[in-house]
Amino acid sequence: MGANLVEYEPVIGLEVHAQLETRSKIFCGCSTTFGEQPNTQTCPVCTGQPGSLPVVNRKTVEFAIKLGLATSCRIAPFCLFARKNYFYPDLPKGYQISMYEYPLAEEGFIEIVVNGQKKRIQIIRIHMEEDAGKLKHGETPETESFSYVDFNRTGVPLVEIVSGPDIRSPEEAGDYLRKLRGILQYLEICTGDMEKGTFRCDANVSIRPKGQKEFGTRTELKNMNSFRHVEKALEYEIKRQIAVAEDGKDVVQETRLWDVDQGVTISMRGKEEAHDYRYFPDPDLVPLRIDEKWIEEIRKSLPELPDEKKERFIRQYEIPEYDAEILTSTKAMATYYEECVRLFPEPKTVSNWMMGDLLRELKRNEREIDQCPVNPQHLVEMLEMIKEGTISGKIAKDLLGEMYRTGERPGKIVRDKGWVQIVDEGEIEKAIEKAMEGNPKQVEDYRKGKEKLFGFFVGEVMKQTKGKANPKLVNELLKKKLKG
Ligand SMILES: [Zn+2]
């Protein structure tokens, strides 16, 4: 070790499956509503009955084109559905209808910010496919040896988004995923809910000595159902591969599952190659020819996307790029911010409170801003109380925590807790006198020129007033009193 230690870099590519929010399935008219009774949303097409024929849902194609345009992809004028053959009980036809040689969109990119620099992550392809059903394994003692199949999800439309091998760290992977999810949500074509499985991610990971061009052998990671899990699984897997390499062994190409409870990845099976799936064009579906005019229509209908919104925030609100990046990361966050600024036109103050204390609380509870117990009106009310001097900035920090926990209006909490700032000079003077009487030695030293002690007295006065004294008044009055 030591001198001949090799430095490795990870190479990561991500495959994301996003469920499109169409009302009906991709090849039949069945409803896509989530959480209905098992097998109530099925028909001969999505359960693969002989003689039934699929017909493509126009809305699915429109949504997929939207995503292609929003990620700067080239939309193929011609694309083709293909059968991906494999056996699994949740797949009634014995094949999944997907796309292979002729995907819908190719050669796009998504921009993330790495160390203050913009970095492009290539999008190799975006294609449409149908989701499989869902297996439920016996949940009660009586049914423990059974597995059940729910076909409600079979045929729900998906887009698969394949990134280039451009990602170099778990954090970059997280940033890319958040950006992609943001785009899907801005477009209103996917809820992006990882826990409910409407936004799923598999990762291809390998390592190579820094400076080497060739890729190492990769493993594929599955079963990560939150952003945190993706980052943790990648961290673990990179360390594991480095340990294998340093042991002088070879990384085995395989699929590995992320085990949430143990925090490790576990070998599941050898990785399939494309030829294992025996892809071929689906003879039941006609090739799609996508009209240039339709693409232009869709392009015109695109909403303001995260990057555009970010640039506008920088211009309009004069906030730093870092703030703007975070505040536009989800549509809900951007809406929250703009609502606050509309009510309290001090954009940087709003940004500071949102990005600091509010996001910290949300992160701790793994909540999104649309589940935040503090609404924009309440946050603004608190900002106004600081501005008017009703409360100090220090109290405001405790107040925001309390607002978050209780969902109460700040005015009510401040009244109930007696947190109103002390601006009464007499009261502050009393606290100062007490602080001086209690510390005669320090008073003497201060008067002899040890001016550093000023901070000590401020602290004492704040202690006396439980942090409620107006700091400006404390400073003014303390200076006078200490002079004697
Ligand atoms: Zn159906």
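Is Phe227 buried or exposed, and what is its relative accessible area? Phe227 is buried, with a relative accessible area of 12%, where buried denotes under 20% relative accessible area, exposed over 50% and partly exposed in between (1.4 Å probe, protein chains only). The model is predicted, so that local features require pLDDT of at least 70 and side-chain atom pairs count only at pLDDT 80 or more, whereas totals for chains, interfaces and linings use all residues. Residues are numbered from 1 along each chain as its sequence is written, and side-chain values use heavy atoms, with hydrogens and water left out.

Cys30 and Cys43 both lie in the loop between strand 1 (8-19) and helix 1 (58-70), so the pair ties together parts that are 13 residues apart in sequence. Helices (H or I, at least four residues) and strands (E, at least two) are DSSP runs, numbered from the N terminus. Cys30 is buried, at a relative accessible area of 11%.

Aromatic pairs number 12, under the rule that ring centres of Phe, Tyr and Trp (its six-membered ring) lie within 6.5 Å; planes under 30 degrees apart count as stacked, over 60 as edge-to-face and the rest as tilted. The rings of Phe199 and Phe227 are tilted, because their planes stand at 50 degrees, with centres 6.2 Å apart. This pair links distant parts of the chain, 28 residues apart: Phe199 belongs to strand 11 (residues 199-209) and Phe227 to helix 3 (residues 227-246). Phe199 is buried at 1% relative accessibility.

Phe313 and Tyr337 form a further tilted pair, 5.4 Å centre to centre and with 40 degrees between the planes. Phe313 is located in helix 5 (residues 306-317) and Tyr337 in helix 7 (residues 331-343), so the pair ties together parts 24 residues apart in sequence. Both Phe313 and Tyr337 are buried. Tyr86, Tyr100, Tyr277 and Tyr279 form one aromatic cluster.
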